[in-house]
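I opened this entry to record what I looked up in the structure.

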Amino acid sequence: MAVSSPEGGPMGATDSTLSLAEAWQALLHAAHPATVTAAVADLSLSPAGWRAERPVSPAAGELLDCLFPLATRPGRLAIAQLGQSLDGRIATESGHSHFINGPESLVHLHRLRALMDAVVVGAGTASEDDPRLTVRHVAGPHPVRVILDPRGRVTPDRLLLRDPEAPTLHLHGEGACPEGAAGHHVTRLALPLAEGGFAPAAVLDALAARGLERVLIEGGGITVSRFLEAGVLHRLHLLMAPLLIGSGRPGLAMTPIATLDEARRPASRTFRCGDDTLFDLVLDAP
């Protein structure tokens, strides 16, 4: 009997074509071999690519092409993602951002979460957006949720501090006293401050010391910009929606440059995400 998978594809069907669900299972296994033990027969993944011994559906092939570099990368990995309009806005002036990107981009974001050990947001995102940062739109493990809160201003009524669905690491500045008590799923850790915030490299080192080597920097724009400018990101995923906002909050805001010779020109790949376009930017290429 065919059994429906969490991705909506048939598992155990008579059709021998490798399905989207099987491709996703293989990616999860590659990213988390110690905890996701179910491998997929006739499909192998490595940092050099993937190989299937039977036909692959177009959707499964595109998913493997997109995510195998993340799932198979050995050692530490830091990737950031931003969903934005064509003119580079992640929200209106009032902060409204639901939803710039379409549902397929939301699925992609949840896949990124599931492939990582930890997902990081800044205090502004934790307070204003009140996200859950769990994996709900695909099958996969929840990452450890990390709040960067240099001034200890995230209040205990925020979901990350009261929802026990996934463990949460609350990083606050040395000398800052976070308000109130947090849930038993929350660990609080003080880090030294650098220019009013945390040094991105120090954050990644602190996470790696706790066994969290695969890290997604999810937002907001200021946090992603700090990690990008610090040169600690391996990849950046930009999800561009066919939308012109014309004003509002920029996705990236970095130190101004004088000429385009100073601009970064990373290697890139593009993929379709429904009506959106995913730009996969390789930041650590030689």
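**Sheet, helices and cores**

I began with β9 and β10, which run parallel and are joined by six bridges. I noted that H172 has A190 in β10 as its bridge partner. The model is predicted, and I read the entries below accordingly.

Next I turned to β8. Strand β8 covers residues 144–149, and six of its six residues are buried. V144, V146 and L148 point one way from β8, whereas R145, I147 and D149 point the other way. I checked both partners of this strand. β7 (residues 118–122) runs parallel to β8 and is joined to it by five bridges; there, G122 has L148 as its bridge partner. Between these two strands the chain passes through helix α4 (residues 123–128), and this β-α-β crossover is right-handed. With β9 (residues 168–173), β8 also pairs in the parallel sense over five bridges, and L148 stands opposite L171.

I asked myself at what angle α1 and α2 pack. The angle is about 10°, and the axes are 9 Å apart. Angles under 35 degrees count as roughly parallel, and α1 and α2 are therefore roughly parallel to each other. In the contact, α1 residues including W24 and L27 meet α2 residues including L63, L67 and F68.

I then listed the largest nonpolar core, which has 42 residues; W24, L27, L67, L70, L115, M116 and L216 touch the most other members. Elements that supply at least two residues each include α1 (20–31), α2 (58–71), α3 (103–115) and β14 (267–273). α2 gives the most, with eight residues. Leaving aside residues up to four places away in sequence, I found L70 touching L77, I79, L112, M116, R214, R235 and H237. A second, separate core has 29 residues, among them V146, L191, F198 and L233.

How values were computed: Residues numbered from 1 in each chain as written. Predicted model: local features only at pLDDT ≥ 70, side-chain atom pairs only at ≥ 80, totals over all residues. Heavy atoms only, no water. Buried < 20%, exposed > 50% of the residue type's maximum accessible area, 1.4 Å probe, protein only. Helix = DSSP H or I, 4+ residues; strand = E, 2+ residues; numbered from the N terminus. Pairing = 2+ DSSP bridges. Right-handed = clockwise from strand over helix to strand, strands pointing away. Core = buried A, V, L, I, M, F, W, Y, C linked by side-chain atoms within 4.5 Å. Contact = heavy atoms within 4.5 Å. Axes fitted to C-alpha atoms, helices over the stretch in contact; angles between N-to-C directions. Parallel < 35°, antiparallel > 145°, perpendicular 65-115°, else oblique.
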